[in-house]
Amino acid sequence: MPYSRFSGSLTSPKVDVIIDMGNPFLNLTVDGFLKIGAVAATRAAAEDTYHILEKGNISSKDFEKMLKKMCKEGAYWGTVAGLYVGTEYGVERIRGKRDWKNAMIGGAVTGAVVSAANNNKKDRIAMDAITGAAVATAAEFINYLT
């Protein structure tokens, strides 16, 4: 009986931003901010472009709204990423080890800080900290698999 097999691999392009702030902590934090901020801004631009094309016409007001959304989303997600990367690096330096626990602690701290900055109540901050820890730890384990 014949059978077929599908095989493939997926690799992502490697993009490095070289900005030397004079400190590895600052270098990683700024790098995370710029990379994830650019992704968030691009996503916002693509989303708004779709809505404009769906509407059928473009005005300067649409363009201004899209630009503001790109800046807001890029700054927000860039800040979250910079906070996470900086926290994970700081935990790594304090513990002297590079493992999944750094990601867990970094995710928990980032989730709690972002939640507290949004004026959430204590129980919501705790839930967001747990969620941040879980997502960061899962991402770290998936990264180990590849």
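Three aromatic pairs are present in this structure, which is a predicted model.

**Aromatic pair Phe25 and Tyr89**

- The ring centres of Phe25 and Tyr89 lie 6.5 Å apart, and the ring planes meet at 35°, so this pair is classed as tilted.
- Phe25 belongs to helix H1 (residues 24-55) and Tyr89 to helix H2 (residues 60-95), so the pair ties together parts that are 64 residues apart in sequence.
- Phe25 has a relative accessibility of 34% and therefore counts as partly exposed.
- Tyr89, with a relative accessible area of 16%, is buried, because buried means under 20%.

**Aromatic pair Trp100 and Phe141**

- Between Trp100 and Phe141 the ring centres are 5.7 Å apart; the planes stand at 40°, so this pair is tilted.
- Since Trp100 lies in helix H3 and Phe141 in helix H4, the pair ties together parts that are 41 residues apart in sequence.
- Trp100 is partly exposed, at a relative accessible area of 31%.
- Phe141 is likewise partly exposed, at 40% relative accessibility.

**Packing of helices H3 and H4**

- Helix H3 covers residues 100-117 and helix H4 covers residues 122-145.
- These two helices pack at an angle of about 145°, and their axes are 7 Å apart.
- The crossing in which H3 passes H4 is right-handed.
- On the H3 side, the contact is made by Trp100, Ala103, Met104, Gly107, Ala108, Gly111, Ala112, Ser115 and Ala116.
- On the H4 side, the residues in contact include Arg124, Ile125, Asp128, Ala129, Gly132 and Ala133, and among the others are Ala136, Thr137, Glu140, Phe141 and Tyr144.
- By residue class, the contact of H3 with H4 comprises twelve nonpolar, five polar and three charged residues.
- Trp100 and Phe141, the members of the tilted pair, are both among the residues that form this contact.

**Surroundings of Tyr84**

- Tyr84 is located in helix H2.
- Tyr84 and Gly106 are separated by 22 residues in sequence, while their C-alpha atoms are 5.6 Å apart in space.
- Leaving aside residues up to four places away in sequence, Tyr84 touches Ala103, Gly106, Gly107, Thr110 and Ala136.
- Of these neighbours, Ala103 and Gly107 of H3 and Ala136 of H4 also take part in the contact between those two helices.

Technical notes:
Residues numbered from 1 in each chain as written. Predicted model: local features only at pLDDT ≥ 70, side-chain atom pairs only at ≥ 80, totals over all residues. Heavy atoms only, no water. Axes fitted to C-alpha atoms, helices over the stretch in contact; angles between N-to-C directions. Helix = DSSP H or I, 4+ residues; strand = E, 2+ residues; numbered from the N terminus. Left-handed = near helix turned anticlockwise from the far one by under 90°. Contact = heavy atoms within 4.5 Å. Nonpolar A, V, L, I, M, F, W, Y, C, P; charged D, E, K, R; others polar. Phe/Tyr/Trp six-rings, centres within 6.5 Å; stacked < 30°, edge-to-face > 60°. Buried < 20%, exposed > 50% of the residue type's maximum accessible area, 1.4 Å probe, protein only.
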